[in-house]
Amino acid sequence: MSTWVLLTITGLGLGAMYFLIASGLSLIYGLMGVLNFAHGAFITVGAYASWYAQGKLDGIGSIPLRFLAAALVGLAVGGAIAILTELVLIRPLYQRHIEQVLVTVGLGLALTALVAGIWTQTQQVYLTPMWLTETTSVFGASIPNDRFVEIGAAVVVLVGILAFFRFTRYGLIVRAGVENRAMVMALGIDVRKAFTLVFLLGGLAAALAGILSGVYYGGIDPARGTHLLIYAFIVVVIGGLGSIVGSAAAAVIVGLMQQYANYYASSGVGDIAVVLLLAAVLLVRPGGLSGAVAAH
Amino acid sequence: MKPLLEVEGLDVFLGGSHVLKGVSFAVAEGGVTALLGRNGVGKTTTLRAIMGLSERRGRVSLDGAELARERTDRIVRRGVGYVPEDRDIFATLTVEENLRLAERNGSARYDLVYDLFPELRERGGQRAGTLSGGQQQMLAISRALLNENRLLLIDEPTKGLAPLLVTEVAKALEKAAEIATVLLVEQNLGVVRRIADQVVVLDVGRVVHAGPAKTFLDDPQLIHRYLGVSGAE
């Protein structure tokens, strides 16, 4: 029982990180038709900005406060990089999807290489508040506390995005834009502002995932973003392109499946199981769990 | 009278086909101008090109202001409303959300819309994708009427509707013509006869006739030549 509880909560924690990354990917693809391969770089840059800020904010004596302040820096840098990417690289290439893919792949590789060039490939130890490294007993299982933070962060982001969709005009624009971008413009709405906003939200969520991954894995390395991005893409496809709720459900399934398969079958089987699940979903339900297929 | 909309030498290429070949016409301020022609001659493409939804060459001006290089949203904000051929309502949004999305500047004319189509008020919370075809058309027209537009481009509003609904939509178009200039693509000659003042006729991507609607509609030979129908309603 305790093993199952540990695997489940750890799987949910992993799924939470996948969701944070997948939510941005899904929104960006759903609204703009852009497969953003630079999203992994937003994760890496957010994580490294936070780690770097931890070193520079040593004037803050309290570790939790320093962690939070550095996390804010990481979020700000992740959001800024995302906005710049949209304005400088994506916007001039509207409707040119092949070029957009190429430019995001290039940016992803370049930023990752830049980070590795400056700070090497070595894993950097992440300064983490003591409570996050401790455990809490749940039904006899000792659960690392950071798992609860990851799950909580994902739930807050999910609720926040849904509230944004439901209660704000830009949320309405994004929902409509996912369905029919041209008609949104034909109502006199500058949909480009929604594009920038969606990139910002995606960048913030990715940076948050990067920061939490530093806690989850106990450190950060330049390949972290690329590694997580692969699973996030799988989550987006399984959940249904453009569907946030679908991404959330798929992230939970993928995270749990990896944990269960790795433990109950053999280490490494989790990755294979996820790929098999992806293949099965594509064969049986090509629109993903939500059945949503974006308008592009 | 000074034209509200001027289109000069409009060329559109779609998928390697030269769909519009130097289309030129003018729409005077006030009333309804019907854009007619057989299927596939470029009527919808003409409206889409004016709206900036298709790549185009040539001049398009609204009250003297050049639109050809403008983005679609800016064209709309100059006072151009658009009702597309396939309605293009947002199926996953509610009726109320579809209308709210169309609001431009806080002076949305909900009274006008709900007077014309009371059903929309009653169905405000219903997902637009679950509306009947006629109700979806009402919603599409309402989005264009909600704001104070100078020009309305309306593409085949009666397509696929039952006769009773055609009458209702025709009434709405008459109301629309009272408050804005209308450029209407319409296959139903009964509706055209009822509301159009002028016609512009396209054939294989070119304007082949332009003039008063009555003159065209009273000439069975012209109707047969350019529309391929007898002219009977």
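In β2(B), B:Leu5 has B:Val27 as its bridge partner. This is a predicted model, where local features need pLDDT of at least 70, side-chain atom pairs count only at pLDDT 80 or more, and totals for chains, interfaces and linings use all residues. Residues are numbered from 1 along each chain as its sequence is written, while chains are lettered from A and ligands numbered from 1 in the order in which they are written. Helices (H or I, at least four residues) and strands (E, at least two) are DSSP runs, numbered from the N terminus.

**The sheet in chain B**

- Chain B has an open sheet of 4 strands, in the order β2-β1-β4-β5 with antiparallel pairing; two strands pair if DSSP finds at least two bridges between them.
- At the edges sit β2 (17-28) and β5 (65-66) of chain B, each pairing on one side only.
- β1 (residues 3-14) of chain B runs antiparallel to β2(B), with 9 bridges joining them, and β1(B) is also antiparallel to β4(B), this time through 5 bridges.
- The β1(B)-β2(B) hairpin has 2 residues between its strands, and B:Gly15 in the turn has a positive phi of about 55°.
- Helix α1 (residues 43-50) of chain B lies across β1, β2 and β4 (57-62), at about 110° to β1(B); axes are lines fitted to C-alpha atoms, for helices over the stretch in contact, and angles run from 0 to 180 degrees between N-to-C directions.

**Where the chains meet**

- 19 residues of chain B are in contact (C-beta atoms, placed from the backbone, within 7 Å) with 14 residues of chain A.
- On the chain B side, α2 (72-77) and α3 (95-102) are the elements giving two or more residues.
- That side has 10 nonpolar, 2 polar and 7 charged residues; Ala, Val, Leu, Ile, Met, Phe, Trp, Tyr, Cys and Pro count as nonpolar, Asp, Glu, Lys and Arg as charged, and the others, Gly among them, as polar.

**Helix packing in chain A**

- α6 (residues 145-167) and α7 (residues 169-179) of chain A pack at about 90°, with axes 5 Å apart.
- α6(A) and α7(A) therefore count as roughly perpendicular (65 to 115 degrees).
- α6(A) brings A:Phe164, A:Phe165, A:Arg166 and A:Phe167 to the contact, and α7(A) brings A:Gly171, A:Val174 and A:Arg175.
- By class, those residues are 4 nonpolar, 1 polar and 2 charged.

Terms used:
Two residues are in contact if their C-beta atoms, placed from the backbone, lie within 7 Å. Angles under 35 degrees count as roughly parallel, over 145 as roughly antiparallel, 65 to 115 as roughly perpendicular and the rest as oblique.
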